[in-house]
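I opened this notebook to keep track of what I looked up, one entry at a time.

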Amino acid sequence: MPASRRSVLAAAGAALASFDAAATGANETIQELIKLSEASNATLMRGDIEKYQTLISFTDDFTLMAPFGGKPTRRADITDETMKAMGRFFKNGALTQEVIAAYGSSDMVVLALIERAHVEVGGLPPQPWALRVTLVYRREGTGWRLAHRHADPLVTGISLEQAAALAKTI
């Protein structure tokens, strides 16, 4: 029996309602992860690595592309001593973040941010630090874990010549 117009419209309405409910859930998750990323990174800028570790959990295949460049860091490279050293690297910082874009699915959320901190980094005097940041969170079980972080200090941009000089490899 062919579907009546009414049944097709009813099915379409039900599908849209479930889509809206799913989108609302995804939006709520994205908002929670935006708040989590700001809170956790603000904690890190204060040098409170113990609190940071209670807020953020890395996936087993986590990758970090740090703002200083070089070889990406993998989860297996991050030891307890590495985390303690990271806590000592940042001091007395304050952080705000600007959300550029946020994308989500049922199992993955990507945040494109600008983090603006005023912080002591690596023994340098307190100064502004602005970073362009991409965070990838992945759902694992009932929670969300950080799968990837990429950050660079190119918020104000550089010239083609400066980019070319940085891109040269030996």
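**Entries on the cavity and the chain**

I began with the largest cavity, and I noted that its lining is made of Ser40, Asn41, Tyr52, Ile56, Leu135, Tyr137, Leu146 and Arg149. I remind myself that this is a predicted model, and that what I write down here is computed from it.

Next I looked up which elements supply at least two residues each to that lining, and I found helix 1 (5-45), strand 5 (127-140) and strand 6 (143-152). Sorting the lining of the largest cavity by class, I recorded 5 nonpolar, 2 polar and 1 charged residues.

How many cavities of 30 Å³ or more does the structure hold? I found 1, and I noted that the space in the largest cavity comes to about 40 Å³.

I then turned to the protein chain as a whole, where I counted 4 helices and 6 strands, and where reading along the sequence gave me the pattern α-α-β-β-α-β-β-β-β-α.

What share of the 170 residues in the protein chain is buried? I wrote down 27%, taking buried to mean under 20% relative accessible area.

For contacts in the protein chain between residues at least 6 apart in sequence, I noted that 53% join residues at least 24 apart.

My last entry concerns the surface: the protein chain exposes about 10,900 Å², and carbon and sulfur atoms supply 59% of that area.

Key: Residues are numbered from 1 along each chain as its sequence is written. This is a predicted model: local features need pLDDT of at least 70, side-chain atom pairs count only at pLDDT 80 or more; totals for chains, interfaces and linings use all residues. Side-chain values use heavy atoms; hydrogens and water are left out. On a 1 Å grid over the protein atoms alone, a cavity is a set of points where a 1.4 Å probe fits but cannot get out, and a pocket is an open set with protein on both sides within 12 Å along at least five of seven lines; lining residues have an atom within 4 Å of a point. Grid points are joined across faces, edges and corners, and a volume is the space filled by probe spheres set on the points. Ala, Val, Leu, Ile, Met, Phe, Trp, Tyr, Cys and Pro count as nonpolar, Asp, Glu, Lys and Arg as charged, and the others, Gly among them, as polar. Buried means under 20% relative accessible area, exposed over 50%, partly exposed in between (1.4 Å probe, protein chains only). Contact means heavy atoms within 4.5 Å. Accessible areas come from the Shrake-Rupley method with a 1.4 Å probe; for residues, only the protein chains shown count as cover.
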